[in-house]
Protein chains: 2
Amino acid sequence: MSSGETTKARLLEAAGEEFAAKGYEKASIRKICDRVNANCAAVNYHFGSKEQLYVEAVLEAHRCGTEMLPESAFQEGTPAQQLRRYIHHFLGHVLAISHENTWHQALMLREMIQPTPASEVLVREAIRPRFERLVGILRGVCPEAEPRKLSALAFSVVGQCLHYRVARSISERLVGAELYETLDLDFLTDHITSFCLAALGLAPPLNLAGEAVVNDPVSIR
Amino acid sequence: MSSGETTKARLLEAAGEEFAAKGYEKASIRKICDRVNANCAAVNYHFGSKEQLYVEAVLEAHRCGTEMLPESAFQEGTPAQQLRRYIHHFLGHVLAISHENTWHQALMLREMIQPTPASEVLVREAIRPRFERLVGILRGVCPEAEPRKLSALAFSVVGQCLHYRVARSISERLVGAELYETLDLDFLTDHITSFCLAALGLAPPLNLAGEAVVNDPVSIR
DNA sequence: GCCTGTTTCAAACGGTTGTTTCAATCAACT
DNA sequence: AGTTGATTGAAACAACCGTTTGAAACAGGC
């Protein structure tokens, strides 16, 4: 009709953007259909209900928008290098949402914050594999740590990263927009990596200026 | 009528619980009024609109549910002790939500994650004062740090804490309910405090078991 | 008693929601 | 061409939403 794609595919794309932007409740299937010049009955015809459309959108999101780094990228180098790569990759996804208009990340993180029945699949298919990789890296640093401690360590890493997504608007209001803008991917990767490496004893503690003390910057990058 | 309190007060209380549990959109003023045996027109009579009722509920929340520690508690002791007190106090609020049925914290954190026009007041009156205290503590540790670095450090602290509220249900599904239950206030306070103190050089790095290395445990408590 | 201002109540309003209905359209195959 | 099955379309459905209305109930002052 208005595009080469099928109506079902166009609906799924529009639904993803709408759900990501407004959330499940506030997104209306009429507006979704209007976007792609489809009839509002098309949703129930192709997907059965609004809820199933949402589930399909979440699955599509984590299918398209969350390509994992190859396994090799996490096994090469020192644990410090592995952790830095992980944080950089993860932060990249977290910060990407605000700038680009890819709805995939936004929808996944919305699902994390306010879980729906779709979250079970999301955890199993997308989140747990990544989490296990991080735990694997941390196990390399703390081989004697019990599972509970490893989980807490992993939560400390992802918690610091996700904060810039979860509390973005509040943080921006808190410290001012001009300062918040300078907290870009490179700066935050350096900061969070240094913070975690110092805590884990893989790097010296932060100095009086809060900066990392690195004798050979190349060694951990 | 059904209680000693006025209809307006009962409405505000019920609205807080309902907004905290379901969010602004999904909460309906009819159900709020039914809870306290009030007519649904009472909301518009006493508060003007649903939105103003929500604003009043948010203000009531941060008025009742967020008593700050006295200023002295943050000025006494070493920076390490101050930081530990801050994390313990903050984590206590974060974790309290799930167990007790105080809606105040839940509503405030909901406002943090999905800000509404009420968030400006919330930041000014409740969040910023606490944040400035944390920044003050961190400035004591890193006196030469620029504002940007201090903000990032503060976000690292609160990000680790808030994660256990924001991503609670997902994390619970991720590591299993039985393990997640063991992540209680005492354990997480110890963990996050040790993690941050080690990163800041106020304590030795975590050992191979991910545990804090403390010669004199009393000294940092 | 009467009056006045405040508060409550049932009912209805206009609007939006997700969903269903059923006829119209289209593509493909015999 | 004719038939079949999948898709689209406009309209209506039932339920809920926040809000408004206007009359009733209540209070306290005169």
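Me: What makes helix 9 of chain B kinked, and where is the kink centred?
Reply: In this predicted model, helix 9 of chain B bends by about 30°, with the kink centred on Gln160(B). The bend is the angle between axes fitted to the seven residues ending at a residue and the seven starting there.

Me: Why is helix 9 of chain B called largely enclosed by the rest of the structure?
Reply: A residue counts as buried if 20 or more other C-beta atoms lie within 10 Å of its own. In helix 9 of chain B, 17 of the 20 residues are buried, so the helix is largely enclosed.

Me: Why are helix 9 of chain A and helix 9 of chain B called roughly perpendicular?
Reply: Their axes come within 7 Å and cross at roughly 90°. Angles of 65 to 115 degrees count as roughly perpendicular, and the two helices are therefore described that way.

Me: Which residues make this contact?
Reply: From helix 9 of chain A they include Phe155(A), Val158(A), Leu162(A) and Val166(A), and from helix 9 of chain B they include Ser156(B), Gly159(B), Gln160(B) and His163(B). By class, the contact has 8 nonpolar, 8 polar and no charged residues.

Me: Which helix gives the most to the surface near DNA strand C?
Reply: Helix 3 of chain B does, with 3 residues. Helix 2, helix 3 and helix 4 of chain A each supply at least two.

Terms used
Residues are numbered from 1 along each chain as its sequence is written. Chains are lettered from A and ligands numbered from 1 in the order in which they are written. This is a predicted model: local features need pLDDT of at least 70, side-chain atom pairs count only at pLDDT 80 or more; totals for chains, interfaces and linings use all residues. Axes are lines fitted to C-alpha atoms, for helices over the stretch in contact, and angles run from 0 to 180 degrees between N-to-C directions. Helices (H or I, at least four residues) and strands (E, at least two) are DSSP runs, numbered from the N terminus. Angles under 35 degrees count as roughly parallel, over 145 as roughly antiparallel, 65 to 115 as roughly perpendicular and the rest as oblique. Two residues are in contact if their C-beta atoms, placed from the backbone, lie within 7 Å. Ala, Val, Leu, Ile, Met, Phe, Trp, Tyr, Cys and Pro count as nonpolar, Asp, Glu, Lys and Arg as charged, and the others, Gly among them, as polar. A residue is buried if 20 or more other C-beta atoms lie within 10 Å of its own, exposed if 12 or fewer, and partly exposed in between; C-beta atoms are placed from the backbone.
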